[in-house]
Amino acid sequence: MRRWPFEGRQRELVALRSAFAGAETHGMVLVGAAGAGKTRLAQEAVERLGRRSEWIAATRAAARIPLGVLLPLVPQETPIAAELAQLVRAIRGQVASWGGRRHVAIGVDDAHLLDDISAAVVAGLITTRAAFVVMTVRAGEAPADCLARLPVEGQVGVVHVDALPEAVMDRLIDHGTGGRIDVAARRRLRATARGNPAALRDLLHGAVPGGLSDHVVSRLAGLDTAVRTVVEMVACGEPVPLSLLERRAGAEQVAAAEEAGVVICERAENRVQARLEHPLFSEVLRARMPVARRRSTYRSLARELMATPMRRGEDVLRAALWQVEGGHIVRADLVRGGALQAVGRAGLTLAERLAQAFRAAEPGPRSDWLMAEILEYQGRSAEAAGLLPPTPPHQPRERVAWAVIRAKVQYWSRGDLPAAMATWDLVAGHPVVEAARAFVLLFAGRCRDVVPLAEQVLADPDSSAQATIWAAAAATVALGFLGRLPEAERIFARGHAVAAAHTAALPVGLFQMEAGACLARLAAGEPGRAAAIAAAGYRNRPDGEAPLPVNVWAFFGGVVALAQGRLDRAEALLREARAGLEQADTQRLHRCCLAALAGTRAVQGRHAEALDLMARADKLDNGTNQIFAPWVETWRAWAARAGGDTAGALEHAARAAALAAAAGLPYVEALARYETVRLGGAADVAALAALPGALPRELAGAARALAARDSAALADAAGALDRLGYHLHAAELATAAVRADRARGPLLTATANELRAKCPGARTPLLAADGLLRDFLTPREREIALLAPWHTSKQIAARLGLAVRTVDNALSRVYVKLGVQGRAELRAHLDELG
């Protein structure tokens with residue numbers, strides 16, 4: 001592996017530089033967990049501070065020799081047999097001769113391992129301002145008193161080196177793998193490393209069996225049996241509620257494990273949880289534990305947890321998993337509940353494992369149907385169908401459960417809506433059945449039928465929480481597509497409140513409501529607000545193996561970003577969604593994801609890739625998800641346009657509008673009709689203006705302004721669409737405004753450039769590259785742009801008699817104005833112009 005890059009510590013580095021440049025403190029202590037990156041940060045800082053830098057690495061072995069670690073600072077002329085006092089004076093004099101605190105930076109790694117005399121010398125260098133000292137200290141460890149009091153006295157500052165954010169970990173993963181890693185593996189790496197770069201490096205090197213294992217063993221070697229038991233319990237159940245751990249192992253033993261620095265206790269919401277210091281310790285310890293002791297530990301954890309009220313949402317899942325890992329199921333009902341919770345919390349692989357354990361513990365129809373439901377969540381409809389009897393059971397409650405699952409399989413496996421409806425009709429009127437019917441009708445594109453059905457369920461006092469959430473989520477989305485957003489907001493509020501009150505039993509409920517709100521906002525012409533909801537859902541998703549919500553948030557977020565024209569984000573999210581949906585596709589979104597990715601590539605001008613992706617999408621069409629049909633046709637139109645088939649593109653846009661009109665979706669229809677203008681055709685302005693709502697009026701006005709080349713109206717329409725979140729639509733209109741009014745060119749150009757910067761890489765007829773070269777680049781910028789793909793900045797500077805920096809600055813402006821990233825994309829742009 002190449003040298004590990006220095007990533008994600010700019011804030012800490014700035015703090016160190018500021019402290020060095022200031023006069024208030026004369027050193028800095030970097031505190032963090034093992035492997036957090038303290039050493040690398042200190043090295044980077046020391047190398048960049050002062051005229052002279054020195055590095056001292058403390059070790060346990062060196063601590064046995066007084067001043068042993070500081071011997072590199074002793075002048076060469078000092079006698080070999082010098083006394084300690086003489087050595088101390090020599091070190092102080094040597095460092096002082098280098099110029100003092102403003103010119104000398106010394107790094108001391110693992111300062112908590114310094115022997116007392118060395119620690120006193122380092123403290124003296126700080127207090128006498130002989131050097132600026134950067135020390136690293138492992139969290140939970142205490143340095144010598146003379147160093148520990150320096151932060152209290154204000155002599156040194158403290159920087160906490162926390163876990164790296166996810167984006168930084170992704171860059172490190174790409175560095176270590178060359179980017180050749182699938183999304184599922186990336187999630188597992190992030191989840192296991194938990195923001196710890198050393199842990200990630202160990203994982204990428206496959207170091208768990210080797211050096212790290214030895215390190216774990218050495219850390220545990222000095223612990224007594226009772227404390228080691230605590231550590232093993234945390235390793236098996238991590239994170240473990242502190243109260244449970246103290247009851248089972250004893251508060252004194254837990255405190256001893258924490259004082260040893262192996263166990264860390266931290267607050268998570270209203271509970272204090274215990275985990276191990278290093279993210280990989282648990283994996284190493286579990287692998288080294290004898291099987292019998294590991295199973296016994298899990299059984300002990302399960303018994304202790306099941307003796308509590310288990311009020312928190314994750315308790316049922318923990319109790320289920322710990323029973324299964326312990327090989328002894330005492331409460332099968334918790335295993336069943338854990339399987340259902342795993343769908344939204346921990347992933348479908350664990351859900352299937354728990355469902356299998358429930359079948360083994362309580363064989364029968366109930367456990368078969370649970371397994372069928374989990375299999376259907378994974379898109380494995382044929383297997384699910386094999387677990388369902390063809391005829392309904394006699395007991396009413398079982399008939400309802402059978403009908404709900406069987407109808408789901410019938411619709412999602414082959415789009416057989418009539419068969420699903422017939423199954424539901426066998427138990428018609430039951431709130432859960434009618435709510436499930438409404439949910440499927442939504443995806444079938446029957447929004448007008450969804451609303452009265454959902455309202456009937458919501459008005460029924462006997463409706464369960466599950467029925468209420470399904471009905472409310474379906475109605476929220478349907479009303480958004482129908483353009484009735486105030487009603488959607490009212491029903492969303494009710495469903496969200498119920499979902500929030502039942503997160504333990506129905507962990508997917510909040511996701512269903514919030515995802516519904518995102519889709520409703522997008523369909524109702526508010527992509528900006530939809531983007532905020534999608535970003536929050538994606539940000540709060542669990543890491544590791546993807547549970548059901550993760551793939552959907554990535555898909556919805558990508559579709560919203562595409563609607564906005566944020567193509568880079570759309571590309572990244574849709575690629576992630578594609579990878580996840582290839583593994584588990586509950587609602588058959590894989591086809592729609594490929595189509596959206598085709599639309600993204602098409603708007604980027606990558607027509608061959610767009611056509612290939614659209615062909616792949618068509619092969620997956622099984623008749624489901626007609627709610628997305630108008631959008632798929634719109635993306636197909638852009639794929640055709642990218643390949644030069646303008647007539648075909650306009651036909652697809654017209655079909656998209658017709659599909660939306662037939663389903664009664666006014667805003668979706670309006671956008672589809674407006675696409676004809678964006679694709680190079682002429683819009684039916686009268687049809688646009690006749691549609692109800694604010695967005696159709698804005699789009700009709702934009703179409704009129706484009707036809708009339710009215711710069712003022714174009715600028716106004718651009719501002720309105722930008723505020724809604726349609727950034728690419730706005731950029732196109734602002735660009736057209738510049739071309740329509742050269743007298744106001746500079747002001748309009750600045751606005752257009754700002755809007756286009758939100759949509760880098762976009763290639764649309766209204767953003768034609770030839771027009772951009774003519775209307776947006778200054779003569780000098782145009783001259784440099786035409787040379788840049790084939791010449792270096794130095795060559796261009798020599799040819800035009802300019803400074804290299806002037807050429808580079810001009811090129812930066814060209815890239816922003818044209819929406820390209822670098823010389824290769826600029827050359828592709830110019831190649832398109834011949």
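This report describes the overall build, nonpolar cores, helix packing, cysteines and backbone exceptions of a predicted model.

Residues are numbered from 1 along each chain as its sequence is written, and side-chain values use heavy atoms, with hydrogens and water left out. Because the model is predicted, local features need pLDDT of at least 70 and side-chain atom pairs count only at pLDDT 80 or more, whereas totals for chains, interfaces and linings use all residues.

## Overall build

The protein has 44 helices and 8 strands; these are DSSP runs numbered from the N terminus, with helices being H or I of at least four residues and strands being E of at least two. Its C-alpha trace spans about 100 × 85 × 40 Å along the principal axes. Of the 834 residues, 55% count as buried, where buried means under 20% relative accessible area, exposed over 50%, and partly exposed in between (1.4 Å probe, protein chains only). Among contacts with a separation of 6 or more, 68% are made by residues 24 or more positions apart, a contact being heavy atoms within 4.5 Å.

## Nonpolar cores

A nonpolar core is a set of buried Ala, Val, Leu, Ile, Met, Phe, Trp, Tyr and Cys residues joined through side-chain atoms within 4.5 Å. The largest one has 141 residues, and F481, F555, F628, W631 and W635 have the most contacts inside it. Helix 24 (residues 465-481) supplies the largest share of this core, 13 residues. Beyond its neighbours within four places in sequence, W635 is in contact with V559, L562, C592, A595, A596, G599 and M614. A second, separate core of 38 residues includes V31, A82, V108 and M135. In soluble globular proteins, nonpolar side chains tend to be buried together.

Leaving out residues up to four places away in sequence, E675 touches T634, W638, A653 and H729.

## Helix packing

Axes are lines fitted to C-alpha atoms, for helices over the stretch in contact, and angles run from 0 to 180 degrees between N-to-C directions.

| Helix pair | Axis separation | Angle |
|---|---|---|
| Helix 6 (residues 166-177) and helix 8 (residues 197-205) | within 11 Å | roughly 30° |
| Helix 25 (residues 485-501) and helix 26 (residues 509-523) | within 9 Å | roughly 165° |
| Helix 28 (residues 548-564) and helix 29 (residues 567-583) | 8 Å | about 150° |

Angles under 35 degrees count as roughly parallel, over 145 as roughly antiparallel, 65 to 115 as roughly perpendicular and the rest as oblique. Helix 6 is therefore roughly parallel to helix 8, while helix 25 is roughly antiparallel to helix 26 and helix 28 is roughly antiparallel to helix 29.

A crossing is left-handed if the near helix is turned anticlockwise from the far one by less than a right angle, and right-handed if clockwise. Helix 6 passes helix 8 in a right-handed crossing, with M169, L172, I173, G176 and T177 of helix 6 meeting P197, L200 and L204 of helix 8. The crossing of helix 25 and helix 26 is left-handed; residues making this contact include F492, G495 and H496 of helix 25 and M513, E514 and A517 of helix 26. Helix 28 likewise passes helix 29 in a left-handed crossing, where the contact residues include F555, G557 and G558 of helix 28 and A570, L573 and A577 of helix 29.

## Cysteines

With a disulfide taken as a pair of cysteine sulfur atoms within 2.5 Å, the count comes to 0. C265 is in no disulfide, and the nearest cysteine sulfur, that of C236, is 17 Å away. C593 counts as buried, at 0% relative accessibility.

## Backbone exceptions

Most residues other than glycine have a negative phi, and most peptide bonds are trans. A cis peptide bond joins E238 and P239, with omega about -10°; P239 lies in the loop between helix 10 (225-237) and strand 6 (240-241).

Two non-glycine residues have positive phi values. L67 has phi near 65° and is found in the loop between strand 2 (52-57) and helix 3 (84-96), where its 0% relative accessibility makes it buried. R709 has phi of about 50° and sits in the loop between helix 36 (694-708) and helix 37 (711-724); R709 is exposed, with a relative accessible area of 52%.
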